[in-house]
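Open the model in your viewer and keep the selection panel at hand. Each stop below says what to select and what is there.

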Amino acid sequence: MTEYILRFLIGGFFVSIFAIVGDVARPKSFAGLFSAAPSVALATLGIAWFQHGLKAVEVQATSMILGGIALACYSVTVCQILMRLRIGALPATISSIVVWLAIALGLHAMFLG
Amino acid sequence: MPISFSLSAFSDSRWYEYVVRFVLGGLATVVTGILSALYGESIGGLFLALPAIFCASATLIERHEIRRKRKAGLDGTRRGQTAAALDAAGAALGSIAMISFAVALLILAQRGPLPAFFSASTVWIVVAIGAWYVRRVLRVARAA
């Protein structure tokens with residue numbers, strides 16, 4: 001339980017820091033860089049390193065590359081939906097999670113499965 | 001428009017918006033840990049790039065823009081969507097930097113946690129700003 005509380009606090013901290021930087025950064029497209037910052041990765045990989053060692057970090061970082069490709073596709077999809085379909089940000093970002101899941105799990109099955 | 005930092009953004013934000021992002025960030029980290037424990041480190045690693053926080057960020061950006069326009073007596077719905085779309089375009093470039101972070105971490109992992117995280121974070125910021133700058137130069141050149 002202590003581990004998960006620690007994860008929660010460290011993850012929340014890193015995400016908040018990057019979110020604040022993204023809030024104050026201008027222009028908007030530059031601020032968007034911080035929306036895809038490796039905040040959860042810094043927290044998770046840091047904990048994984050001390051808990052499970054280097055091997056676990058290497059395995060997670062390899063998968064993260066595939067997750068990052070899926071994130072790029074997701075971001076482009078959200079951008080296109082917002083510009084072309086003119087729906088709100090919340091439905092656009094949530095519905096596009098399907099794209100992220102399909103690409104991330106598909107790439108994982110292809111290369112690491 | 002050059003890169004700048006404006007503290008006026010804090011006046012647009014409500015305190016609970018920071019709480020929401022802290023909680024979402026914490027939950028995303030906990031969920032990644034649970035998935036790693038249940039399905040292995042490899043599946044857990046995928047979720048390090050899950051856009052869980054992005055949903056909240058884009059929605060808040062849209063809401064701030066709409067609120068700002070409504071203060072000026074305008075609808076602001078379309079402007080809000082455009083602002084969120086620009087954030088998504090930035091996130092697409094940021095994801096290239098995120099991939100670079102992971103690659104750098106893999107290459108430098110043997111040097112120990114602190115040097116590896118420091119170097120990978122440096123690679124992340126350099127690639128992120130570089131990608132954004134290249135896109136900007138290309139857009140300006142195309143418009144000219």
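**Stop 1: a cis bond in chain A**

Select Pro27(A), which sits in the loop between strand S1 (25–26) and helix H2 (28–31) of chain A. The peptide bond joining Arg26(A) and Pro27(A) is cis, with omega about -5°. Bear in mind that this is a predicted model.

**Stop 2: the two domains of chain A**

Colour chain A by its two parts: domain 1 (1–52) and domain 2 (55–113). Their C-alpha centres lie 18 Å apart. Six residues from domain 1 of chain A and seven residues from domain 2 of chain A make up the contact between them. What classes of residue does domain 1 of chain A put on the side that touches domain 2 of chain A? There are five nonpolar residues and one polar residue, with no charged residues.

**Stop 3: Arg7(A)**

Move to helix H1 (residues 2–24) of chain A and pick Arg7(A). Is Arg7(A) buried or exposed? Arg7(A) is buried, because 23 other C-beta atoms lie within 10 Å, and 20 or more is the cut-off for buried.

Show what surrounds Arg7(A). Leaving out residues up to four places away in sequence, Arg7(A) touches Ala43(A) and Ile47(A), and also Thr29(B), Val30(B) and Gly33(B) of chain B. Take Ile47(A) as an example. Ile47(A) is 40 residues from Arg7(A) in sequence, yet their C-alpha atoms are 7.7 Å apart in space.

**Stop 4: helix H2 of chain B**

Follow those chain B contacts into helix H2 (15–39) of chain B. Thr29(B), Val30(B) and Gly33(B) are among the buried residues of H2(B). Others to select include Arg21(B), Leu24(B), Gly25(B), Gly26(B) and Ser36(B). What do the buried residues of H2(B) pack against? In chain A they meet H1 and helix H3 (39–52), and in chain B they meet H3 and H4.

Draw a distance between the end C-alpha atoms of H2(B). The 25 residues should span 36 Å at 1.5 Å a residue, and the ends are 36 Å apart, so the two values agree. Step just past H2(B) to Gly40(B), where phi is positive, about 105°.

**Stop 5**

Return to chain A and select helix H4 (residues 54–85).

H4(A) is followed by Arg86(A). Arg86(A) sits in the loop between H4 and helix H5 (89–95) of chain A. Check its backbone: phi of Arg86(A) is near 55°, a positive value in a residue other than glycine. Arg86(A) counts as partly exposed because it has 13 C-beta neighbours inside 10 Å.

**Stop 6: the largest nonpolar core**

Which residues touch the most other members of the largest nonpolar core? Select Leu82(A), Ala88(B), Met98(B) and Phe101(B), out of 80 residues in this core. Helix H5 (residues 77–108) of chain B gives the largest share of the core, 17 residues. Both domain 1 (1–52) and domain 2 (55–113) of chain A contribute residues, so the core lies between them.

Centre on Leu82(A). Apart from residues up to four places away in sequence, Leu82(A) touches Ala89(A) and Ala92(A) in its own chain, and Gln81(B), Ala84(B), Ala85(B) and Ala88(B) across in chain B.

**Stop 7: the contact between the chains**

Show the whole contact between the chains. Chain B gives 67 residues and chain A gives 71 residues. On the chain B side, the elements that each supply at least two residues include strand S1 (4–5), helix H4 (52–71) and helix H6 (113–143). H5(B) has the largest share of that side, with 23 residues. Colour the chain B side by class to see 46 nonpolar, 17 polar and four charged residues.

**Stop 8: chain B as a whole**

Chain B has six helices and one strand, in the order β-α-α-α-α-α-α from the N terminus. Its radius of gyration is 18 Å, well over the 15 Å from the globule rule for 144 residues, so chain B is more spread out than a compact globule. Its C-alpha atoms fill a box of roughly 55 × 40 × 25 Å along the principal axes. Of the 144 residues of chain B, 47% count as buried.

Methods: Residues are numbered from 1 along each chain as its sequence is written. Chains are lettered from A and ligands numbered from 1 in the order in which they are written. This is a predicted model: local features need pLDDT of at least 70, side-chain atom pairs count only at pLDDT 80 or more; totals for chains, interfaces and linings use all residues. A nonpolar core is a set of buried Ala, Val, Leu, Ile, Met, Phe, Trp, Tyr and Cys residues joined through C-beta atoms within 7 Å. A residue is buried if 20 or more other C-beta atoms lie within 10 Å of its own, exposed if 12 or fewer, and partly exposed in between; C-beta atoms are placed from the backbone. Helices (H or I, at least four residues) and strands (E, at least two) are DSSP runs, numbered from the N terminus. Domain bounds come from an automatic or database domain assignment. Two residues are in contact if their C-beta atoms, placed from the backbone, lie within 7 Å. The expected span of a helix is 1.5 Å times one less than its number of residues. The radius of gyration is taken over C-alpha atoms; the globule rule is 2.2 Å times the number of residues to the power 0.38. Ala, Val, Leu, Ile, Met, Phe, Trp, Tyr, Cys and Pro count as nonpolar, Asp, Glu, Lys and Arg as charged, and the others, Gly among them, as polar.
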